[in-house]
Amino acid sequence: MKKNTVGMLLGLTLAAVSLAGCGSNEATEAVNESAEIEQAGEGESTDTKEKEDNKETEEAKEETKEAEENAESDQEEAESGETEEQAVKVGVLLPDSNEDFWAFDGQELQTALETDGYEAEVVFAQGDSEKQVEQIKSMVEEEIPALIIAPVDEYGLIEALTETKEKGIYVFSYDKLIRDTAGVNYYTTFSSRSIGQMIGKEIVSEQELDKVREAGESRTIEFFMGSLDDSKALFLYNGVMEILQPYLDDGTLVCPSGRISFEDTGILRWGRNRAGSELQSVLDEFYQDTEIPDIICTGFDDAACGAVEVLETRGLSYEDENWPMITGCGCEAEAVRYIAEGKISCSVFMNRSNLAKECVKMVDTYLKGEKPEVNDYQEYDNGKKIIGTYICEGQLINEGNYESLIDNGYFEEEEILPQTEEDSVETDIQEADEQEEKDSDQDSQEAEDPNKKIPEDSILSILGDSRKDL
(Lines give C-alpha, C1' and ligand atoms only; values in the text may rest on other atoms or scores of the structure.)
Protein backbone atom coordinates (compact mmCIF):
# COMPACT_ATOMS: atom_id res chain seq x y z
CA MET A 1 0.00 0.00 0.00
CA LYS A 2 2.85 2.34 0.88
CA LYS A 3 4.67 1.43 -2.37
CA ASN A 4 1.60 2.18 -4.28
CA THR A 5 1.23 5.53 -2.64
CA VAL A 6 4.85 6.46 -3.42
CA GLY A 7 4.46 5.39 -7.02
CA MET A 8 1.38 7.50 -7.41
CA LEU A 9 3.16 10.52 -5.94
CA LEU A 10 6.12 10.04 -8.28
CA GLY A 11 3.82 9.81 -11.24
CA LEU A 12 2.03 12.99 -10.26
CA THR A 13 5.38 14.79 -9.88
CA LEU A 14 6.59 13.74 -13.33
CA ALA A 15 3.30 14.81 -14.86
CA ALA A 16 3.54 18.20 -13.23
CA VAL A 17 7.08 18.65 -14.44
CA SER A 18 6.02 17.62 -17.89
CA LEU A 19 3.16 20.09 -17.89
CA ALA A 20 5.43 22.86 -16.66
CA GLY A 21 7.93 22.17 -19.46
CA CYS A 22 5.21 22.36 -22.03
CA GLY A 23 4.02 25.70 -20.69
CA SER A 24 7.54 27.08 -20.71
CA ASN A 25 8.12 26.11 -24.36
CA GLU A 26 4.84 27.68 -25.39
CA ALA A 27 5.73 30.85 -23.54
CA THR A 28 9.16 30.90 -25.08
CA GLU A 29 7.70 30.37 -28.49
CA ALA A 30 5.16 33.11 -27.81
CA VAL A 31 7.89 35.52 -26.73
CA ASN A 32 10.02 34.62 -29.72
CA GLU A 33 7.05 35.03 -32.04
CA SER A 34 6.24 38.39 -30.46
CA ALA A 35 9.85 39.50 -30.90
CA GLU A 36 9.81 38.42 -34.50
CA ILE A 37 6.56 40.29 -35.01
CA GLU A 38 8.05 43.34 -33.33
CA GLN A 39 11.14 42.99 -35.47
CA ALA A 40 9.00 42.57 -38.53
CA GLY A 41 7.08 45.64 -37.48
CA GLU A 42 10.30 47.65 -37.16
CA GLY A 43 11.36 46.31 -40.59
CA GLU A 44 8.17 47.58 -42.24
CA SER A 45 8.74 50.98 -40.69
CA THR A 46 12.31 51.18 -42.10
CA ASP A 47 11.22 50.23 -45.65
CA THR A 48 8.49 52.87 -45.63
CA LYS A 49 10.96 55.54 -44.57
CA GLU A 50 13.34 54.54 -47.30
CA LYS A 51 10.52 54.60 -49.83
CA GLU A 52 9.45 58.04 -48.63
CA ASP A 53 13.05 59.26 -48.86
CA ASN A 54 13.35 57.83 -52.36
CA LYS A 55 10.07 59.45 -53.35
CA GLU A 56 11.24 62.81 -52.06
CA THR A 57 14.51 62.38 -53.98
CA GLU A 58 12.63 61.51 -57.16
CA GLU A 59 10.32 64.50 -56.69
CA ALA A 60 13.34 66.74 -56.16
CA LYS A 61 14.93 65.39 -59.31
CA GLU A 62 11.69 65.96 -61.24
CA GLU A 63 11.48 69.53 -59.92
CA THR A 64 15.11 70.15 -60.90
CA LYS A 65 14.54 68.70 -64.35
CA GLU A 66 11.39 70.78 -64.79
CA ALA A 67 13.23 73.90 -63.69
CA GLU A 68 16.03 73.20 -66.15
CA GLU A 69 13.53 72.62 -68.95
CA ASN A 70 11.72 75.83 -68.07
CA ALA A 71 15.04 77.68 -68.06
CA GLU A 72 15.91 76.25 -71.47
CA SER A 73 12.46 77.17 -72.76
CA ASP A 74 12.82 80.71 -71.42
CA GLN A 75 16.22 80.97 -73.08
CA GLU A 76 14.84 79.71 -76.39
CA GLU A 77 11.95 82.17 -76.18
CA ALA A 78 14.40 84.95 -75.39
CA GLU A 79 16.60 83.96 -78.31
CA SER A 80 13.53 83.67 -80.53
CA GLY A 81 12.44 87.11 -79.40
CA GLU A 82 15.85 88.50 -80.24
CA THR A 83 15.71 86.89 -83.69
CA GLU A 84 12.26 88.30 -84.37
CA GLU A 85 13.44 91.68 -83.21
CA GLN A 86 16.39 91.52 -85.62
CA ALA A 87 14.21 90.52 -88.59
CA VAL A 88 13.46 94.10 -89.63
CA LYS A 89 11.13 94.34 -92.61
CA VAL A 90 12.28 96.12 -95.78
CA GLY A 91 9.80 97.01 -98.52
CA VAL A 92 10.67 96.35 -102.17
CA LEU A 93 8.38 97.98 -104.75
CA LEU A 94 8.97 97.11 -108.42
CA PRO A 95 7.09 98.06 -111.59
CA ASP A 96 5.96 94.83 -113.24
CA SER A 97 6.47 91.12 -112.57
CA ASN A 98 5.69 90.39 -116.23
CA GLU A 99 8.99 92.00 -117.24
CA ASP A 100 11.72 89.39 -116.89
CA PHE A 101 14.35 91.71 -115.48
CA TRP A 102 12.02 93.15 -112.82
CA ALA A 103 10.98 89.64 -111.78
CA PHE A 104 14.68 88.73 -111.63
CA ASP A 105 15.44 91.85 -109.57
CA GLY A 106 12.65 91.01 -107.12
CA GLN A 107 14.16 87.59 -106.45
CA GLU A 108 17.71 88.97 -106.19
CA LEU A 109 16.70 91.73 -103.78
CA GLN A 110 14.71 89.32 -101.61
CA THR A 111 17.59 86.84 -101.46
CA ALA A 112 20.14 89.52 -100.60
CA LEU A 113 17.91 91.01 -97.88
CA GLU A 114 17.13 87.65 -96.29
CA THR A 115 20.81 86.70 -96.38
CA ASP A 116 21.50 89.82 -94.31
CA GLY A 117 18.80 88.86 -91.82
CA TYR A 118 15.94 91.06 -93.01
CA GLU A 119 12.37 90.22 -93.92
CA ALA A 120 11.65 91.30 -97.50
CA GLU A 121 8.18 92.37 -98.58
CA VAL A 122 8.32 92.38 -102.38
CA VAL A 123 5.39 93.78 -104.35
CA PHE A 124 4.81 94.58 -108.03
CA ALA A 125 2.59 97.36 -109.38
CA GLN A 126 1.99 95.62 -112.73
CA GLY A 127 2.71 98.84 -114.58
CA ASP A 128 0.14 100.85 -112.62
CA SER A 129 1.56 104.00 -111.02
CA GLU A 130 -1.50 104.59 -108.84
CA LYS A 131 -1.26 101.05 -107.53
CA GLN A 132 2.38 101.65 -106.62
CA VAL A 133 1.36 104.78 -104.71
CA GLU A 134 -1.14 102.73 -102.70
CA GLN A 135 1.53 100.10 -102.01
CA ILE A 136 3.85 102.77 -100.65
CA LYS A 137 1.12 104.20 -98.42
CA SER A 138 0.36 100.74 -97.07
CA MET A 139 4.02 100.25 -96.13
CA VAL A 140 4.08 103.69 -94.52
CA GLU A 141 1.16 102.59 -92.31
CA GLU A 142 3.17 99.49 -91.38
CA GLU A 143 6.03 101.82 -90.44
CA ILE A 144 8.52 99.80 -92.48
CA PRO A 145 11.80 101.68 -91.91
CA ALA A 146 13.29 101.41 -95.43
CA LEU A 147 11.82 101.14 -98.93
CA ILE A 148 13.54 100.14 -102.17
CA ILE A 149 11.54 101.62 -105.04
CA ALA A 150 11.89 101.29 -108.82
CA PRO A 151 9.17 103.69 -109.98
CA VAL A 152 6.54 102.92 -112.57
CA ASP A 153 6.34 106.67 -113.17
CA GLU A 154 9.44 108.63 -112.17
CA TYR A 155 7.28 111.71 -111.58
CA GLY A 156 4.30 110.02 -109.94
CA LEU A 157 5.50 109.53 -106.35
CA ILE A 158 5.75 113.10 -105.08
CA GLU A 159 2.82 112.89 -102.66
CA ALA A 160 3.59 109.36 -101.49
CA LEU A 161 7.21 110.22 -100.68
CA THR A 162 6.14 113.31 -98.78
CA GLU A 163 4.58 110.88 -96.32
CA THR A 164 7.69 108.70 -96.12
CA LYS A 165 9.82 111.75 -95.41
CA GLU A 166 7.47 112.91 -92.65
CA LYS A 167 7.57 109.44 -91.07
CA GLY A 168 11.37 109.24 -91.25
CA ILE A 169 11.26 106.28 -93.65
CA TYR A 170 14.33 106.06 -95.89
CA VAL A 171 13.77 105.62 -99.63
CA PHE A 172 16.34 103.99 -101.89
CA SER A 173 15.61 104.67 -105.55
CA TYR A 174 16.46 101.58 -107.58
CA ASP A 175 17.61 101.57 -111.21
CA LYS A 176 15.33 104.48 -112.20
CA LEU A 177 15.60 107.81 -110.37
CA ILE A 178 12.45 109.07 -108.67
CA ARG A 179 12.03 112.68 -109.71
CA ASP A 180 10.86 115.99 -108.21
CA THR A 181 10.80 114.93 -104.56
CA ALA A 182 13.08 115.44 -101.59
CA GLY A 183 11.86 112.11 -100.21
CA VAL A 184 14.61 110.13 -101.98
CA ASN A 185 17.66 109.42 -99.81
CA TYR A 186 19.91 107.24 -101.99
CA TYR A 187 20.06 105.86 -105.52
CA THR A 188 21.59 102.74 -107.07
CA THR A 189 21.89 102.48 -110.84
CA PHE A 190 23.98 101.92 -113.92
CA SER A 191 25.42 104.99 -115.60
CA SER A 192 23.34 105.47 -118.74
CA ARG A 193 25.80 108.02 -120.02
CA SER A 194 28.84 105.75 -119.73
CA ILE A 195 26.89 102.91 -121.35
CA GLY A 196 26.04 105.19 -124.25
CA GLN A 197 29.71 106.08 -124.52
CA MET A 198 30.61 102.37 -124.68
CA ILE A 199 28.22 101.91 -127.60
CA GLY A 200 29.57 104.97 -129.38
CA LYS A 201 33.17 103.84 -128.95
CA GLU A 202 32.35 100.36 -130.28
CA ILE A 203 30.84 101.94 -133.41
CA VAL A 204 33.96 104.06 -133.93
CA SER A 205 36.20 101.02 -133.46
CA GLU A 206 34.31 98.44 -135.52
CA GLN A 207 33.59 100.83 -138.38
CA GLU A 208 37.11 102.27 -138.23
CA LEU A 209 35.66 105.77 -138.46
CA ASP A 210 39.02 107.49 -138.03
CA LYS A 211 40.35 105.70 -141.13
CA VAL A 212 37.11 106.48 -142.95
CA ARG A 213 37.58 110.15 -142.05
CA GLU A 214 41.18 110.14 -143.27
CA ALA A 215 40.10 108.57 -146.55
CA GLY A 216 37.43 111.23 -147.01
CA GLU A 217 34.68 108.62 -147.05
CA SER A 218 31.48 108.28 -145.05
CA ARG A 219 29.19 105.73 -143.40
CA THR A 220 25.42 105.94 -143.08
CA ILE A 221 23.71 105.59 -139.70
CA GLU A 222 20.16 105.55 -138.29
CA PHE A 223 19.16 105.88 -134.63
CA PHE A 224 16.39 104.14 -132.68
CA MET A 225 16.81 105.10 -129.05
CA GLY A 226 14.95 104.39 -125.82
CA SER A 227 11.60 105.59 -124.56
CA LEU A 228 10.82 109.30 -124.65
CA ASP A 229 9.32 109.15 -121.16
CA ASP A 230 12.42 107.61 -119.55
CA SER A 231 15.22 109.92 -118.49
CA LYS A 232 17.74 107.06 -118.54
CA ALA A 233 17.08 106.66 -122.27
CA LEU A 234 17.90 110.32 -122.86
CA PHE A 235 21.22 110.08 -121.12
CA LEU A 236 22.20 106.90 -122.90
CA TYR A 237 21.50 108.87 -126.08
CA ASN A 238 23.66 111.71 -124.76
CA GLY A 239 26.52 109.29 -124.10
CA VAL A 240 26.30 107.92 -127.66
CA MET A 241 26.26 111.41 -129.14
CA GLU A 242 29.21 112.60 -127.09
CA ILE A 243 31.27 110.05 -129.04
CA LEU A 244 29.60 110.20 -132.46
CA GLN A 245 28.70 113.89 -132.81
CA PRO A 246 32.16 114.93 -134.12
CA TYR A 247 31.85 112.33 -136.90
CA LEU A 248 28.36 113.59 -137.74
CA ASP A 249 29.62 117.17 -137.77
CA ASP A 250 32.40 116.50 -140.27
CA GLY A 251 30.37 114.19 -142.53
CA THR A 252 32.17 110.97 -141.65
CA LEU A 253 28.79 109.77 -140.43
CA VAL A 254 25.70 110.62 -142.47
CA CYS A 255 22.09 110.14 -141.37
CA PRO A 256 19.95 110.12 -144.56
CA SER A 257 16.66 110.38 -142.64
CA GLY A 258 17.86 113.38 -140.66
CA ARG A 259 16.49 111.77 -137.51
CA ILE A 260 19.23 112.63 -135.03
CA SER A 261 17.67 114.37 -132.01
CA PHE A 262 16.34 112.41 -129.04
CA GLU A 263 12.80 113.61 -129.77
CA ASP A 264 13.05 112.22 -133.32
CA THR A 265 14.77 108.93 -132.46
CA GLY A 266 13.17 107.93 -129.15
CA ILE A 267 10.82 104.91 -129.23
CA LEU A 268 7.93 105.45 -126.82
CA ARG A 269 7.67 102.76 -124.13
CA TRP A 270 10.50 100.76 -125.66
CA GLY A 271 8.13 99.21 -128.20
CA ARG A 272 9.68 96.53 -130.41
CA ASN A 273 6.94 96.73 -133.02
CA ARG A 274 7.11 100.50 -133.03
CA ALA A 275 10.89 100.40 -133.56
CA GLY A 276 10.47 97.91 -136.40
CA SER A 277 7.78 99.94 -138.12
CA GLU A 278 9.85 103.11 -137.86
CA LEU A 279 12.86 101.36 -139.39
CA GLN A 280 10.62 100.05 -142.16
CA SER A 281 9.41 103.60 -142.87
CA VAL A 282 12.96 104.99 -142.89
CA LEU A 283 14.14 102.31 -145.33
CA ASP A 284 11.15 102.86 -147.64
CA GLU A 285 11.55 106.62 -147.69
CA PHE A 286 15.29 107.23 -147.60
CA TYR A 287 16.96 104.12 -149.02
CA GLN A 288 16.65 102.82 -152.55
CA ASP A 289 15.91 99.21 -153.45
CA THR A 290 18.20 96.97 -151.35
CA GLU A 291 20.15 99.81 -149.78
CA ILE A 292 20.39 99.74 -146.01
CA PRO A 293 22.30 101.81 -143.44
CA ASP A 294 25.85 100.86 -142.56
CA ILE A 295 24.98 101.27 -138.90
CA ILE A 296 21.71 100.87 -137.00
CA CYS A 297 22.28 102.27 -133.51
CA THR A 298 19.57 101.32 -131.02
CA GLY A 299 19.21 102.03 -127.33
CA PHE A 300 17.68 98.71 -126.29
CA ASP A 301 17.76 95.06 -127.30
CA ASP A 302 14.14 94.82 -128.45
CA ALA A 303 14.81 97.53 -131.03
CA ALA A 304 17.96 95.72 -132.20
CA CYS A 305 16.11 92.39 -132.51
CA GLY A 306 13.25 94.15 -134.26
CA ALA A 307 15.73 95.57 -136.77
CA VAL A 308 17.03 92.05 -137.48
CA GLU A 309 13.48 90.89 -138.19
CA VAL A 310 12.78 93.80 -140.55
CA LEU A 311 15.96 93.20 -142.54
CA GLU A 312 15.33 89.46 -142.80
CA THR A 313 11.77 90.14 -143.93
CA ARG A 314 13.24 92.26 -146.74
CA GLY A 315 15.27 89.26 -147.88
CA LEU A 316 18.61 90.20 -146.35
CA SER A 317 20.91 87.79 -144.54
CA TYR A 318 23.47 88.45 -141.85
CA GLU A 319 25.94 86.64 -144.12
CA ASP A 320 25.55 89.34 -146.79
CA GLU A 321 28.39 91.82 -147.14
CA ASN A 322 26.06 94.77 -146.70
CA TRP A 323 24.52 93.49 -143.46
CA PRO A 324 24.70 96.50 -141.09
CA MET A 325 26.32 96.92 -137.73
CA ILE A 326 23.44 96.73 -135.24
CA THR A 327 23.88 97.77 -131.61
CA GLY A 328 21.64 96.92 -128.65
CA CYS A 329 21.63 97.40 -124.91
CA GLY A 330 20.56 95.10 -122.09
CA CYS A 331 21.90 91.67 -123.13
CA GLU A 332 18.58 89.88 -123.25
CA ALA A 333 18.91 86.22 -124.22
CA GLU A 334 17.60 86.68 -127.75
CA ALA A 335 19.97 89.56 -128.42
CA VAL A 336 22.98 87.65 -127.07
CA ARG A 337 22.10 84.69 -129.28
CA TYR A 338 21.95 87.08 -132.25
CA ILE A 339 25.41 88.32 -131.24
CA ALA A 340 26.66 84.72 -131.23
CA GLU A 341 25.15 84.22 -134.69
CA GLY A 342 26.61 87.46 -136.06
CA LYS A 343 23.29 89.28 -136.55
CA ILE A 344 23.83 91.89 -133.85
CA SER A 345 27.26 93.43 -133.27
CA CYS A 346 27.11 94.30 -129.59
CA SER A 347 25.00 94.94 -126.52
CA VAL A 348 25.78 96.09 -123.00
CA PHE A 349 25.47 93.71 -120.07
CA MET A 350 24.26 95.23 -116.83
CA ASN A 351 24.70 92.74 -114.01
CA ARG A 352 21.48 93.17 -112.11
CA SER A 353 22.62 90.79 -109.39
CA ASN A 354 25.36 93.28 -108.53
CA LEU A 355 22.85 96.13 -108.69
CA ALA A 356 20.59 94.36 -106.19
CA LYS A 357 23.47 93.51 -103.85
CA GLU A 358 24.83 97.05 -103.84
CA CYS A 359 21.39 98.45 -103.10
CA VAL A 360 20.86 96.02 -100.21
CA LYS A 361 24.32 96.86 -98.91
CA MET A 362 23.28 100.53 -98.73
CA VAL A 363 20.04 99.61 -96.94
CA ASP A 364 21.86 97.37 -94.45
CA THR A 365 24.44 100.05 -93.71
CA TYR A 366 21.73 102.65 -93.08
CA LEU A 367 19.66 100.37 -90.82
CA LYS A 368 22.77 99.67 -88.74
CA GLY A 369 23.07 103.38 -88.10
CA GLU A 370 25.94 104.05 -90.47
CA LYS A 371 26.27 106.14 -93.62
CA PRO A 372 25.92 104.18 -96.89
CA GLU A 373 28.80 104.25 -99.35
CA VAL A 374 28.29 106.25 -102.55
CA ASN A 375 30.65 106.70 -105.50
CA ASP A 376 28.88 109.67 -107.06
CA TYR A 377 27.51 112.75 -105.37
CA GLN A 378 27.46 115.20 -108.24
CA GLU A 379 25.65 113.95 -111.33
CA TYR A 380 22.28 112.70 -110.11
CA ASP A 381 19.91 115.63 -109.57
CA ASN A 382 16.26 114.60 -109.33
CA GLY A 383 14.95 118.14 -109.65
CA LYS A 384 14.88 118.76 -105.91
CA LYS A 385 18.34 117.78 -104.73
CA ILE A 386 21.52 115.91 -105.61
CA ILE A 387 21.06 112.25 -104.70
CA GLY A 388 23.95 110.25 -103.28
CA THR A 389 24.41 107.40 -105.74
CA TYR A 390 26.22 104.11 -106.09
CA ILE A 391 26.95 103.45 -109.76
CA CYS A 392 27.44 99.92 -111.06
CA GLU A 393 29.42 99.46 -114.25
CA GLY A 394 28.16 97.92 -117.49
CA GLN A 395 30.13 95.54 -119.73
CA LEU A 396 30.21 95.65 -123.52
CA ILE A 397 29.35 92.24 -124.99
CA ASN A 398 30.25 91.25 -128.55
CA GLU A 399 31.09 88.13 -130.53
CA GLY A 400 34.45 87.87 -128.78
CA ASN A 401 33.24 87.66 -125.20
CA TYR A 402 29.55 86.70 -125.11
CA GLU A 403 30.42 83.28 -123.63
CA SER A 404 31.46 85.05 -120.43
CA LEU A 405 27.73 85.34 -119.72
CA ILE A 406 27.61 81.54 -119.61
CA ASP A 407 30.76 81.32 -117.48
CA ASN A 408 29.36 83.70 -114.87
CA GLY A 409 26.12 81.71 -114.67
CA TYR A 410 23.88 84.44 -116.07
CA PHE A 411 22.72 82.27 -118.98
CA GLU A 412 22.59 78.56 -119.73
CA GLU A 413 24.31 77.46 -122.95
CA GLU A 414 21.08 76.51 -124.69
CA GLU A 415 19.69 80.01 -124.10
CA ILE A 416 22.26 81.91 -126.12
CA LEU A 417 24.47 79.63 -128.21
CA PRO A 418 23.86 79.59 -132.01
CA GLN A 419 21.07 77.19 -132.91
CA THR A 420 20.56 74.56 -135.59
CA GLU A 421 18.02 75.36 -138.28
CA GLU A 422 15.43 73.08 -136.66
CA ASP A 423 15.96 74.60 -133.23
CA SER A 424 15.82 78.05 -134.75
CA VAL A 425 12.41 77.43 -136.28
CA GLU A 426 10.99 76.17 -132.98
CA THR A 427 12.50 79.09 -131.07
CA ASP A 428 11.25 81.61 -133.63
CA ILE A 429 7.70 80.27 -133.27
CA GLN A 430 7.87 80.42 -129.48
CA GLU A 431 9.40 83.89 -129.46
CA ALA A 432 6.85 85.10 -132.01
CA ASP A 433 4.01 83.92 -129.77
CA GLU A 434 5.57 85.55 -126.71
CA GLN A 435 6.24 88.77 -128.58
CA GLU A 436 2.70 88.85 -129.98
CA GLU A 437 1.33 88.59 -126.46
CA LYS A 438 3.74 91.25 -125.23
CA ASP A 439 2.91 93.60 -128.10
CA SER A 440 -0.79 93.02 -127.55
CA ASP A 441 -0.46 94.09 -123.93
CA GLN A 442 1.58 97.11 -124.96
CA ASP A 443 -0.90 98.12 -127.67
CA SER A 444 -3.69 97.74 -125.14
CA GLN A 445 -1.93 100.07 -122.72
CA GLU A 446 -1.34 102.63 -125.44
CA ALA A 447 -4.97 102.37 -126.55
CA GLU A 448 -6.18 102.94 -123.01
CA ASP A 449 -3.96 105.98 -122.53
CA PRO A 450 -2.13 106.91 -125.75
CA ASN A 451 -1.02 110.26 -124.36
CA LYS A 452 0.34 109.01 -121.06
CA LYS A 453 3.71 110.70 -120.72
CA ILE A 454 5.68 112.55 -118.15
CA PRO A 455 4.51 116.17 -117.67
CA GLU A 456 5.52 118.57 -120.43
CA ASP A 457 7.52 120.78 -118.09
CA SER A 458 9.42 117.72 -116.91
CA ILE A 459 10.17 116.70 -120.51
CA LEU A 460 11.50 120.17 -121.20
CA SER A 461 13.55 120.00 -118.01
CA ILE A 462 15.13 116.69 -119.02
CA LEU A 463 15.75 117.63 -122.63
CA GLY A 464 17.15 120.98 -121.63
CA ASP A 465 19.79 119.57 -119.31
CA SER A 466 22.30 117.22 -120.91
CA ARG A 467 24.95 117.75 -118.26
CA LYS A 468 23.52 115.50 -115.61
CA ASP A 469 23.23 111.76 -116.00
CA LEU A 470 20.02 110.30 -114.65
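Hi everyone, thanks for coming. Before we start, please keep in mind that the model on the screen is predicted.

Let's begin with the sheet. How many strands form it, and in what order? Six strands make an open sheet, and the order is β2-β1-β3-β4-β5-β11, with parallel pairing. At the edges you find β2, residues 119–124, and β11, residues 388–392; each has a single partner strand, so one side of each is left without a neighbour in the sheet. If you ignore direction, neighbouring strands of this sheet are turned against each other by 20 degrees on average.

Now let's walk across part of this sheet. Strand β3 (residues 146–149) pairs with β4 (residues 170–174) over four bridges, in the parallel sense. Look for leucine 147 there: valine 171 in β4 stands opposite. Moving on, β4 and β5 run parallel and are joined by three bridges, with phenylalanine 172 opposite tyrosine 186 in β5. After that, β5 pairs with β11 over five bridges, again in the parallel sense. There, threonine 189 faces isoleucine 391 in β11.

Next, two loop residues. Is glycine 156 buried, partly exposed or exposed? This residue sits in the loop between β3 and α4, and it counts as partly exposed because its relative accessibility is 27%, while buried means under 20% and exposed over 50%. Compare isoleucine 178, in the loop between β4 and β5: at 0% relative accessibility, this residue counts as buried. Isoleucine 178 and aspartate 381 are 203 residues apart along the chain, yet their C-alpha atoms are separated by 10.0 Å.

On to the helices. Helix α5 covers residues 192–206, and its 15 residues should span 21 Å at 1.5 Å a residue; the end C-alpha atoms are 21 Å apart, which agrees. Its buried residues include Ile195, Ile199, Ile203 and Val204. Following α5 comes glutamate 208, with a positive phi near 50 degrees.

Helix α7 takes in residues 231–249, and its 19 residues reach 25 Å from first C-alpha to last, close to the expected 27 Å. Where is the kink in α7? You'll find it at isoleucine 243, shortly before proline 246, and the angle is about 50 degrees. Most of α7 is covered, with 15 of its 19 residues buried.

In soluble globular proteins, nonpolar side chains tend to be buried together. The largest nonpolar core here has 55 residues, and Ile148 and Tyr174 touch the most other members. Which element gives the largest share of this core? That is α7, with eleven residues. A second, separate core holds 34 residues, among them Val282, Ile292, Cys331 and Ala335.

That's my tour, and I'm happy to take your questions.

Notes
Residues are numbered from 1 along each chain as its sequence is written. This is a predicted model: local features need pLDDT of at least 70, side-chain atom pairs count only at pLDDT 80 or more; totals for chains, interfaces and linings use all residues. Side-chain values use heavy atoms; hydrogens and water are left out. The expected span of a helix is 1.5 Å times one less than its number of residues. The bend at a residue is the angle between axes fitted to the seven residues ending there and the seven starting there. Buried means under 20% relative accessible area, exposed over 50%, partly exposed in between (1.4 Å probe, protein chains only). A nonpolar core is a set of buried Ala, Val, Leu, Ile, Met, Phe, Trp, Tyr and Cys residues joined through side-chain atoms within 4.5 Å. Two strands pair if DSSP finds at least two bridges between them. Axes are lines fitted to C-alpha atoms, for helices over the stretch in contact, and angles run from 0 to 180 degrees between N-to-C directions.
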